[in-house]
Amino acid sequence: MSPCAVITGASRGIGKAAAQLFLDKGYRVLNLSRSASGLSGVVDVTIDMSKSDFVTQHADEILQAVGESAELVLVHNAATLLKDSINEMDSQSFRDVLELNLVAPAALTRLLIPHMNAGSSIIYIASTLGTKAVSNSCSYVTSKHALIGLMKSTCQDLVGSGIHTLAICPGFTDTEMLRSHIGTDPAVEADIASTVAMGRLALPAEIAKTILFGAQNQVLNGAIIDANLGQIER
């Protein structure tokens, strides 16, 4: 049986780069997303994970697509980022962010754990903002802090299963989601790059390599990996 990677939000950005890399390494790859990945060889399962009943509605479809595999890698990548602050954030928008960024990963994990053999892995894509905070990203920051807590709980609850879990915390990465948040002004990008030791944004392919490394190394169980090119401390 070939290994299988289930990646949420693999239609763009980090998820798409990860899907391509896992394909190149011989994995069967499933994209759970509202949009197709556009990658030859990827099985696209069209799902809106922001809906609270997505597992109930799509469980059979997901499990049929996953099939049997000696190793199952589950990558929780899908997320949303809003510009908001505690001063103005409305409760429904906050719930919506938590639904996709936190509740959906927990629900999908519960569905797939019974189909994971020893050697499988659950990888949560958190953020540098899962361990720190900036202004005007309140719901996102809160959800990513909680996602790291979910990873730690997953590690403890799966003791003895042979399944390992970790959180990867990308820094500023050149994705569509980041661009929608910061725009394309070169001056803004330069200001962000000035906070990074390597002086640039990370590339989705670099984060994808980190995801693959995490999936293939059980010693990282319960680990939090910063993938941010080095933050300049001020």
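Author: Let's start with a word we'll need: two parts are in contact when they have heavy atoms within 4.5 Å of each other. Helices (H or I, at least four residues) and strands (E, at least two) are DSSP runs, numbered from the N terminus. The model is predicted, so local features need pLDDT of at least 70 and side-chain atom pairs count only at pLDDT 80 or more, while totals for chains, interfaces and linings use all residues. Residues are numbered from 1 along each chain as its sequence is written, and side-chain values use heavy atoms, with hydrogens and water left out.

Reader: Okay! Which strands does helix 3 lie across?

Author: Helix 3 (residues 91-112) lies across strand 1 (4-8), strand 2 (28-33), strand 4 (72-76) and strand 5 (121-125). Angles are taken between N-to-C directions, from 0 to 180 degrees, with axes as lines fitted to C-alpha atoms, for helices over the stretch in contact. Helix 3 runs at about 170° to strand 4. Helix 7 (residues 204-215) also packs on the sheet and touches strand 4, strand 5, strand 6 and strand 7. The direction of helix 7 makes about 165° with that of strand 6.

Reader: And the sheet itself: what order do the strands have?

Author: Strands of a sheet pair through backbone hydrogen bonds, either parallel or antiparallel. Here two strands pair if DSSP finds at least two bridges between them. This sheet is open, has 7 strands in the order 3-2-1-4-5-6-7, and pairs them in parallel. Its edges are strand 3 (42-46) and strand 7 (223-227), each of which pairs on one side only. From one strand to the next, the twist averages 20°.

Reader: How many bridges join strand 1 to strand 4?

Author: Those two run parallel and are joined by 4 bridges, with Ile 7 opposite Val 75 in strand 4. Strand 4 also pairs with strand 5 in the parallel sense, over 4 bridges, and there Val 73 stands opposite Ser 121. Next along, strand 5 and strand 6 (residues 164-170) pair in parallel over 5 bridges, with Ser 121 opposite His 164. Strand 6 and strand 7 are parallel too, over 5 bridges. In that pairing Leu 166 faces Ala 223, and Ala 167 has Ile 224 as its bridge partner.

Reader: How does the chain cross from strand 5 to strand 6?

Author: Through helix 4 (residues 138-157), in a right-handed β-α-β crossover. Right-handed means that, with the strands pointing away from the viewer, the path from the first strand over the helix to the second runs clockwise. Strand 4, helix 3 and strand 5 make a right-handed unit as well.

Reader: Which way do the side chains of strand 6 point?

Author: In a regular strand the side chains alternate between the two faces of the sheet. From strand 6, His 164, Leu 166, Ile 168 and Pro 170 point one way, and Thr 165, Ala 167 and Cys 169 the other. Buried means under 20% relative accessible area, exposed over 50%, partly exposed in between (1.4 Å probe, protein chains only).

Reader: Is Ser 121 buried or exposed?

Author: Ser 121 is buried, because its relative accessible area is 0%. It touches Leu 72, Val 73, Leu 74, Met 116, Ile 163, His 164 and Ala 215, not counting residues up to four places away in sequence. Now look at Glu 233, in the segment after strand 7: at 71% relative accessibility, it counts as exposed.

Reader: What does the search for aromatic pairs find?

Author: A pair of aromatic rings is described by the distance of the centres and the angle of the planes. Rings of Phe, Tyr and Trp (its six-membered ring) pair if their centres lie within 6.5 Å; planes under 30 degrees apart count as stacked, over 60 as edge-to-face and the rest as tilted. The whole structure has 1 such pair. Phe 22 and Tyr 27 form it, edge-to-face, with 4.9 Å centre to centre and 85° between the planes. Both residues are buried.
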